[in-house]
Amino acid sequence: MSLLRCVCVLLVVHACTGYLFFQDRIPNGDSVPHPCKPNYIWKGVGHMRAVGGGSKNPFGLDFARYKQWTFELCMMDSDGDGLTNGQELGDPDCTWKEGSFPTRTTMLTHPGICDPWGSEKCAAENAKVDCSTGEFICDAIQSPDVFNVTLRFPATKVPSDDSSLFCMTFDLDMLDLSEEYHLVAFKPFIDNAYVMHHTILNGCGPYAASLAKPEMCNMAGTQCQHYLAIWSLGITGDCVHKDAGFKIGGPNGIKKLTMQHHWLNPELRSDYVDSSGMTLYLTRKMRKYNAGYVHTGEIHLNIPPGQNRHVTKSTCSSACTKKIIKTPVYLMTGQNHMHYVGYAGRVEHFRNGEKIGVLTPDDVYSYGNPHVYEYKQPYELLPGDVLETTCVHRTTSRSTTTLFGDSAYDEMCLGVFTFFPAESITHDSCYTWKDLELCYVENAAIHGCEYTMIFNATHPTRKSLLAKVLSSCNYFGDCRSECPAAIAEVRQHPCFNEQVGPYMMDLLRGLHPNMDMVKFLAAMESCDCRKKPTGVTDFTPTSSAEQLGPVIVVIALLAVTLLGI
């Protein structure tokens with residue numbers, strides 16, 4: 001259960017990155033030519049990549065100051081090539097207004113990339129520009145044994161919220177699922193580029209609940225946690241290593257898929273509709289290895305506001321890799337994953353105390369376009385190796401604490417890798433929660449805590465633990481004299497001992513427990529923090545707020561009961 005909260009969202013994209021409505025705010029915004037590829041368009045006008053996402057080019061930085069086409073922005077020469085932005089975009093007199101036709105629609109040049117491309121004067125300025133056109137190139141999809149299937153949402157109204165997650169299940173009726181297939185590549189099918197943010201495709205077990213139409217969701221269901229494909233802005237698709245593929249079908253294989261779209265609608269428009277999806281490339285000619293995903297990182301974050309650099313580290317220890325890796329595995333790709341305030345990150349590889357390499361060296365992390373590192377030669381990982389994940393977050397623009405969570409406005413600190421053979425790793429993650437290593441999951445137990453019991457309201461052990469505390473402790477009000485002994489007894493249980501207890505309590509708080517669990521969690525802490533500060537005397541509450549404290553708790557509990565929170 002611990003894993004279900006923490007891997008549901010990956011590869012999210014900043015709300016202001018590469019969205020097409022920004023093209024409407026500059027003259028000829030949808031017609032800016034690719035400076036080094038004739039007959040191609042540079043869609044991400046303000047970015048260093050043609051497809052958008054990632055770091056901004058000089059024009060993008062200038063546009064970010066004004067947010068619209070102004071006389072000042074028009075007269076600037078953002079890329080320093082001797083032409084004003086207006087001259088390059090067909091508005092030499094700086095008279096264009098949004099919604100009107102530009103003075104000139106031909107002989108355009110790029111305002112953020114020095115022209116002419118390849119000239120001596122532009123060599124230094126263009127050294128960091130990605131000149132690719134954004135085409136999906138994958139030799140495997142040309143093979144005669146490979147066929148494709150496109151899965152799409154039906155036309156679905158996009159909520160007028162800034163961020164929405166919707167899921168839908170696909171039953172794969174077009175395949176003979178008694179046979180095995182390998183997924184060897186995928187590419188996105190983008191219907192509404194104004195809102196598409198990222199897509200995750202998960203494989204489901206035979207008992208997974210089906211969502212016949214797109215529905216709001218926070219994550220894929222508990223039976224749909226097998227990652228198959230992840231797309232985000234700036235990624236043209238993925239071509240799996242020639243020796244591996246993600247297995248679908250067969251006697252014990254995946255029989256259905258869940259697709260999750262993340263839509264961003266920063267303009268809060270109510271007229272958007274989307275039917276995006278993915279094109280999957282499959283073959284019945286099974287490759288040598290089955291592929292899989294594995295994750296590392298820290299799932300407890302408490303980042304204060306106003307921090308220029310807040311560093312978080314998580315170690316997948318030698319003991320953990322010995323436990324979860326049975327035989328050598330080979331990494332195909334790797335990437336860091338953080339959210340809005342992620343600033344830098346890396347996963348380092350150690351063996352026998354020596355640093356072997358850096359797997360994901362993001363000195364500057366881009367939430368808009370997380371860098372996917374493709375290892376030309378699959379990267380070997382052995383039982384006993386150590387993986388150290390480091391994340392740097394910057395919260396100078398925030399006034400409140402940032403916590404770990406699924407929302408794009410929460411944070412994460414993860415490393416994400418594809419690997420083969422899938423059978424060589426027994427557990428798809430190596431997380432830590434503070435100093436607690438979560439790789440020790442065996443028979444639905446973490447460090448001896450049978451956590452499924454805690455989430456089963458009818459389990460006799462759970463009922464006994466809750467009854468012990470609730471019969472001796474208040475869930476609001478003062479600490480009862482018999483309460484500490486009851487809590488001490490419950491804390492002898494493996495799920496609530498000193499090692500696992502803080503993690504389990506944190507997990508339970510975040511999973512919208514029922515009223516009995518709300519009472520239990522409050523009662524377990526009813527005798528904490530009761531020491532008076534030095535020099536403070538006892539007093540009787542006189543204000544209405546002080547007198548109403550217990551009443552507010554009761555109201556909250558009633559809300560849980562009535563609303564089913």
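**Exercise 1. State the accessible surface of the chain and the share that belongs to carbon and sulfur atoms.**

Solution. The accessible surface is about 26500 Å², and carbon and sulfur atoms hold 53% of it. The model is predicted: local features need pLDDT of at least 70, side-chain atom pairs count only at pLDDT 80 or more, and totals for chains, interfaces and linings use all residues. Residues are numbered from 1 along each chain as its sequence is written, and side-chain values use heavy atoms, with hydrogens and water left out.

**Exercise 2. Determine how H8 and H10 are oriented and which residues meet.**

Solution. Step 1: helices are DSSP runs of H or I with at least four residues, strands are runs of E with at least two, and both are numbered from the N terminus. Step 2: the axes of helix H8 (residues 483-490) and helix H10 (residues 515-524) are 10 Å apart, at an angle of about 110 degrees. Axes are lines fitted to C-alpha atoms, for helices over the stretch in contact, and angles between N-to-C directions run from 0 to 180 degrees. Step 3: the two helices are therefore roughly perpendicular, a class that spans 65 to 115 degrees. Step 4: in contact (heavy atoms within 4.5 Å), Cys 483, Ile 487 and Val 490 of H8 meet Phe 520, Ala 523 and Met 524 of H10. These residues divide into six nonpolar, no polar and no charged; nonpolar covers Ala, Val, Leu, Ile, Met, Phe, Trp, Tyr, Cys and Pro, charged covers Asp, Glu, Lys and Arg, and polar covers the others, Gly among them.

**Exercise 3. Find which residues of H7 are buried and what covers them.**

Solution. Step 1: buried means under 20% relative accessible area, exposed over 50%, and partly exposed in between, with a 1.4 Å probe and protein chains only. Step 2: Arg 462, Leu 465, Leu 466 and Val 469 are buried in helix H7 (residues 460-470). They lie on the same side of H7 because their arc around the axis is only 95 degrees, taken from the directions from the helix axis to the C-beta atoms. Step 3: exposed Pro 460 and Lys 463 are on the face turned away from the buried side. Step 4: the cover of the buried residues includes helix H6 (451-454), H8 and H10.

**Exercise 4. Locate Leu 268 and describe its backbone.**

Solution. Leu 268 is in the loop between strand E10 (256-264) and strand E11 (273-274). Its phi is positive, about 60 degrees, although Leu 268 is not a glycine. Leu 268 has a relative accessible area of 46%, so it is partly exposed.

Key
Areas by Shrake-Rupley, 256 points an atom, 1.4 Å probe, with all protein chains shown as cover. Parallel < 35°, antiparallel > 145°, perpendicular 65-115°, else oblique.
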